Amino acid sequence: MRICFAASSGGHLAELMLLRPLMECYDSFLVTEKTSYKIDAQDMRCYFLAQINRRERSFIPRLIVNTFRSLKIYMAERPDVVVCTGVLATVPLCLICKLFGKN
């Protein structure tokens with residue numbers, strides 16, 4: 001079983017990383033926002049999306065970019081399950097997985 005762990009940066013990612021023991025039990029990968037600080041993903045496959053703030057003028061273009069990046073990630077990894085604690089940046093990925101009949 002391949003599991004996608006997706007979260008926006010900050011507290012959502014910290015919360016998701018508490019599932020590290022579960023991540024190590026399955027073929028899994030991480031999707032999060034690209035930030036100025038490094039995340040501790042160790043040997044885990046990690047993909048990055050653009051940070052989104054709904055109050056910025058670039059909200060819609062970044063959401064479109066994340067949708068295409070999410071589709072590319074989905075096609076490359078084909079996860080069976082998505083575990084998500086994030087918000088805006090991860091919404092396209094969750095919707096794409098649901099569209100393809102994944103949980």
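A residue is called buried under 20% relative accessible area, exposed over 50% and partly exposed in between, with a 1.4 Å probe and protein chains only. The model is predicted: local features need pLDDT of at least 70, side-chain atom pairs count only at pLDDT 80 or more, and totals for chains, interfaces and linings use all residues. Residues are numbered from 1 along each chain as its sequence is written, and side-chain values use heavy atoms, leaving out hydrogens and water.

**Exercise 1.** Determine whether R20 and E24 are buried or exposed, and state how their side chains meet.

*Solution.* Step 1: R20 has a relative accessible area of 13%, so R20 is buried. Step 2: E24 counts as exposed because its relative accessibility is 59%. Step 3: the two side chains meet in a salt bridge (3.9 Å, N to O), a term that requires a side-chain nitrogen of Lys or Arg within 4 Å of a carboxyl oxygen of Asp or Glu.

**Exercise 2.** Identify the salt-bridge partners of E77 in R2 and R45, and locate each pair in the chain.

*Solution.* Step 1: E77 meets R2 at 3.8 Å, N to O. Step 2: E77 lies in helix α3 and R2 in strand β1, so this pair ties together parts 75 residues apart in sequence; helices (H or I, at least four residues) and strands (E, at least two) are DSSP runs, numbered from the N terminus. Step 3: R45 and E77 meet at 3.0 Å, N to O. That pair links strand β3 with helix α3, 32 residues apart. Step 4: with D27, the residues R2, R45 and E77 are linked in a network of salt bridges.
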